[in-house]
Structure formats: C-alpha cells, structure tokens
Amino acid sequence: MDQVNLSESKRKTKLNQLLLVWVILIVLSLLGAIIADFSQITPILLITVLGFLVIKAQLVIDIFMNLGPVKWGWRLSMSAFAVMISLLVGLLS
Amino acid sequence: MNSATIRQPLPGDLAIWFFIYAELAVFGILFIIYAITRQNHPEIFAEAYLHLNRTAGLINTIALISASFFVARSSLFLQWGNSRLTQRNLIYGVLCALVYLAVKLVEYDEAFSAGYDLTTNIFYTLYFSLTIFHFAHVVLGVVILLVMLRNARNGYYQNHSHSGYESGASYWHMVDLVWVVLFPIVYVIH
C-alpha cells in the first residue's frame, strides 16, 4: 500500500530510473554488437564484453526484477549466476 | 532506519523463485557446455560463427530488453492502481516479445534453408538446443503475459493480491536475464 501513496515526484523518479536502465542496457548491447564485428576478440575485448554482461545482468536483477531492495541472499545468488558464467566463459575462451 | 535500508519482501510467490533458480541452473549448465565445447572445437565454432545472423541477435536483444522494461513499468503502474497504464505497458511488452519470436523464426528459417540443422555439427547442435530451449521459454512467457493482461482487464488485481502478477513478471525478467547472458556468449565472443 506504501506504493499507492507514493508522491508524484517519487513515481516519476522510479519511472525515470527504469528508462535510464533501459537506455544503458541498449547502449551496452550496441557496444557488444560493435565488438562482435571485430575480426578477433582480444583478451581486453573479451573482458570488456564479459564486463558488459555482468553489468547488464545486475541491472536486470536489481531494477527490472526489483531484487535490489530484497534480502541480500536472494540478490547475491541471482548475481552469482551471471558472474560465475562470465568467469567460466572467460577462462575457457 | 530510513526507507533505503528497509528490506522488501521477494516479489511474487516463493515457489516461482525456486522455479526461476532451477531454470537458471539448467541454462547455466548449457552455457558451460557451450563454452567447453567451443574450447575443444575452436575451428568449427569459428567457421559457424561467420554464418550467424548477428543483426537478428541484436534486434532480439533490444526486443527482449524493451519487453522487460515495459513489464517492469506495468508492475509499477499496477502497484500505483493505474489499470489503464498497466494494461498498455503489458501490451507493449507482449508486442516486443512477438518481435523477438518473429525475428527468431526468420533466423531459424534462414539457417534451415542454408542446410544447417541440429545434426550439422557440434556448434549447431548446441546453438539450436540453447536457443530453441530459450525460445520455448519466451513462448511460455508470452502466454503468461497474456493471462496477466486478461486478468488486469477483468479487474482481477483490484480485488486480489498482486503476487500472481509479480510472479509472472519475475518469470519474464528471468527470460530476459538468460538472453542478456546468451547474446554475448553466442553472438559476440568468437
């Protein structure tokens, strides 16, 4: 019910936060697509791509899934999925 | 304690979160198998990568991120008691998901027309297994979003808990999260 009583400015802030996250996710995806066109993925580019992956996953988890304000254990275990996959892919590439 | 430090309850039912973790575990295993196989067969993956439709991959990324964005907005509007904007954002989310499904079908059609299928080589076995598995999740997600839309139109959430809606939205965000991981691993790293 707290959500219903949020002031108009707080609602706008929440909507703007979602919009900002959407823009960041699109920009990082476009940068990833640009990197995909490189003839060779160097270690620096690989780390960059995997860094984008972790940032994007964390934004989806915290903002879209709304796990940011939830007990840390849930958020951490969800974040571990993206981090572990990135580390393994990085080590195996 | 200020509002920033107050811990909120998990959105949706607890059961959906166990389901989401189980799904992520399955996808995680598939991603690891993909990475290990790529390390063992670099030449097959390098050759197959040249035939991947990376533009379709990017369009699908934008479509799924946008769908998740609209579903997240619809959840907020539901909490704020605005049924009209809840439904509108949910419709936008469904439309973005349908864009994903259409582009993916075109991508599969191109691949099958070019003679590539599950049996072509180890890359295509993993590529089709991974993406078709994800495709099936998107189809289920669209069905769930449509049920949420129907309930919102019927005013169901005005008289009942929002837990079912939040569970459906959480499932959809999981589908998006998996693609956020899948896109760089399959379409970018080569």
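Predicted model: local features only at pLDDT ≥ 70, side-chain atom pairs only at ≥ 80, totals over all residues.

Modeller: Residues are numbered from 1 along each chain as its sequence is written, chains are lettered from A and ligands numbered from 1 in the order in which they are written, and side-chain values use heavy atoms, with hydrogens and water left out.

Colleague: Which pattern does chain B follow, read along the sequence?
Modeller: Helices (H or I, at least four residues) and strands (E, at least two) are taken as DSSP runs, numbered from the N terminus. On that basis the secondary structure of chain B comes to seven helices and zero strands. Along the sequence, chain B therefore reads as α-α-α-α-α-α-α.

Colleague: What share of the residues of chain B count as buried?
Modeller: The C-alpha trace of chain B spans about 55 × 35 × 25 Å along its principal axes. A residue is called buried under 20% relative accessible area, exposed over 50%, and partly exposed in between, with a 1.4 Å probe and protein chains only. Of the 190 residues of chain B, the buried share is 54%.

Colleague: Which helix gives the most to the lining of the largest cavity?
Modeller: On a 1 Å grid over the protein atoms alone, a cavity is a set of points where a 1.4 Å probe fits but cannot get out, whereas a pocket is an open set with protein on both sides within 12 Å along at least five of seven lines, and lining residues have an atom within 4 Å of a point. The largest cavity is lined by Leu28(A), Gly32(A), Val49(A), Phe52(A), Leu53(A), Lys56(A), Phe183(B), Pro184(B) and Val188(B). Two or more of its lining residues come from each of helix H1 (8-36) and helix H2 (43-64) of chain A and helix H7 (163-188) of chain B. The element that gives the most, with four residues, is H2(A).

Colleague: What volume does the second largest pocket have?
Modeller: Its lining has 18 residues, of which Ser93(A), Arg38(B), Pro42(B), Ile189(B) and His190(B) lie nearest the centre of the pocket. Elements giving two or more residues to this lining are H2 of chain A together with helix H1 (14-40) and helix H2 (42-49) of chain B. With grid points joined across faces, edges and corners, and a volume taken as the space filled by probe spheres set on the points, the second largest pocket comes to about 340 Å³.

Colleague: Which side chain of opposite charge is nearest to Lys56(A)?
Modeller: Lys56(A) lies in helix H2 of chain A, and its contacts (heavy atoms within 4.5 Å), leaving aside neighbours within four places in sequence, are Leu25(A), Leu28(A), Ser29(A), Thr61(B), Val180(B) and Phe183(B). Lys and Arg count as positive and Asp and Glu as negative, while His and the chain ends are not counted. Lys56(A) is buried yet has no salt bridge, a side-chain nitrogen of Lys or Arg within 4 Å of a carboxyl oxygen of Asp or Glu. The nearest side chain of opposite charge, 8.1 Å away, is Asp176(B).

Colleague: Is Ser29(A) buried or exposed?
Modeller: Ser29(A) is found in helix H1 of chain A. Apart from neighbours within four places in sequence, Ser29(A) is in contact with Lys56(A), Leu58(B), Thr61(B), Ile65(B) and Phe183(B). With a relative accessible area of 1%, Ser29(A) is buried.

Colleague: How far apart are the closest N and O atoms of Lys104(B) and Glu107(B)?
Modeller: Because they are three residues apart in helix H4 (residues 83-113) of chain B, Lys104(B) and Glu107(B) are separated by about one helical turn. Lys104(B) is buried, and so is Glu107(B). The two form a salt bridge, and the closest N and O atoms are apart by 3.0 Å.
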